[in-house]
Amino acid sequence: SVITGLLVSKLREQVEVSQRNENRMKALFEISCGYLKLSGLDNIVYYVLKSLFQAAGERCVVYLAKSPGELGKPYFIKSHFDENMVDNNTVCGAGTGFFSDSRWVYMPVKNRESCIGVIGIYTDGKEVDSNHMVFVNTVMSEMVMAVEKENIELERSRVELEGQRGEFLD
């Protein structure tokens, strides 16, 4: 009976893991489909913030790079945070101290060549499991592709506009 109880317990755990994974896959599919109709950098970033909150209850802040070594304004959804939760001016990263009591996990947002920003995930000091971090990283990778697509579109529009100006001046 002890062995049977242990087997049933393990089976329940596996069913719960399987259900969590299925829910994550459904959420990833829905989030991926949502990126297809987005345009505008602000819309893309706010979409990822809203999606992570709806799919996983994650309260996040995203900082996109303005230039190498310089982050832009924080993107966050104010209603997801209590007052002053987002005010975090502590320098962190390479060459700084590690604060074990931090309630935030920060991760780089990277494309193939460079870091295009940072995401801060409010954990309230709780440990985050590796499967969940894979989910968050996947959502962020999709955001990076959408941001790169947006940048390509902006560059294409700029080149077209310059070409039209050149034709007009000739």
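Helices (H or I, at least four residues) and strands (E, at least two) are taken as DSSP runs and numbered from the N terminus. On this basis the secondary structure of the protein comprises three helices and four strands, which follow the pattern α-α-β-β-β-β-α along the sequence. The structure is a predicted model, in which local features need pLDDT of at least 70 and side-chain atom pairs count only at pLDDT 80 or more, whereas totals for chains, interfaces and linings use all residues. Residues are numbered from 1 along each chain as its sequence is written, and side-chain values use heavy atoms, with hydrogens and water left out.

Accessible areas were computed by the Shrake-Rupley method with a 1.4 Å probe, and for residues only the protein chains shown count as cover. The protein exposes about 12,000 Å², of which carbon and sulfur atoms supply 55%. A residue is termed buried under 20% relative accessible area, exposed over 50% and partly exposed in between (1.4 Å probe, protein chains only); of the 170 residues of the protein, 29% count as buried. With contact defined as heavy atoms within 4.5 Å, residues 24 or more positions apart account for 54% of the contacts in the protein that have a separation of 6 or more.

Strands are treated as paired if DSSP finds at least two bridges between them. Strand 4 runs antiparallel to strand 1, to which six bridges join it, and Y63 has V118 in strand 4 as its bridge partner. Strand 3 and strand 4 are likewise antiparallel and are joined by seven bridges, with V109 facing G117 of strand 4 as its bridge partner; a hairpin of four residues connects these two strands. Strand 4 is mostly covered, in that six of its eight residues are buried.

A nonpolar core is here a set of buried Ala, Val, Leu, Ile, Met, Phe, Trp, Tyr and Cys residues joined through side-chain atoms within 4.5 Å. The largest such core has 30 residues, and those with the most contacts inside it are Y35, L52, V62, I119, M140 and M143. At least two residues of this core come from each of helix 1 (2–35), helix 2, strand 1 (59–67), strand 3 (104–110), strand 4 (115–122) and helix 3 (130–169), and helix 3 gives the most, with nine residues. When its neighbours within four places in sequence are left aside, L52 is in contact with G57, E58, C60, I119, F135, V136, V139 and M140. Another core lies apart from this one and has five residues, among them V61, Y63, F81 and Y122.

Aromatic pairs were assigned to rings of Phe, Tyr and Trp (its six-membered ring) with centres within 6.5 Å, planes under 30 degrees apart being counted as stacked, over 60 as edge-to-face and the rest as tilted. By this rule the count comes to six aromatic pairs. The ring centres of Y46 and Y75 are 5.4 Å apart and their planes stand at 70°, so this pair is edge-to-face. Because Y46 lies in helix 2 (residues 41–56) and Y75 in strand 2 (residues 70–75), the pair ties together parts that are 29 residues apart in sequence. Y46 is partly exposed, with a relative accessible area of 32%, whereas Y75 is buried at 6% relative accessibility. F76 and F81 also form an edge-to-face pair, at 6.1 Å centre to centre and with 80° between the planes; F76 is partly exposed at 25% relative accessibility, while F81 is buried at 9%. Both F76 and F81 belong to one aromatic cluster with W104, Y106 and Y122.
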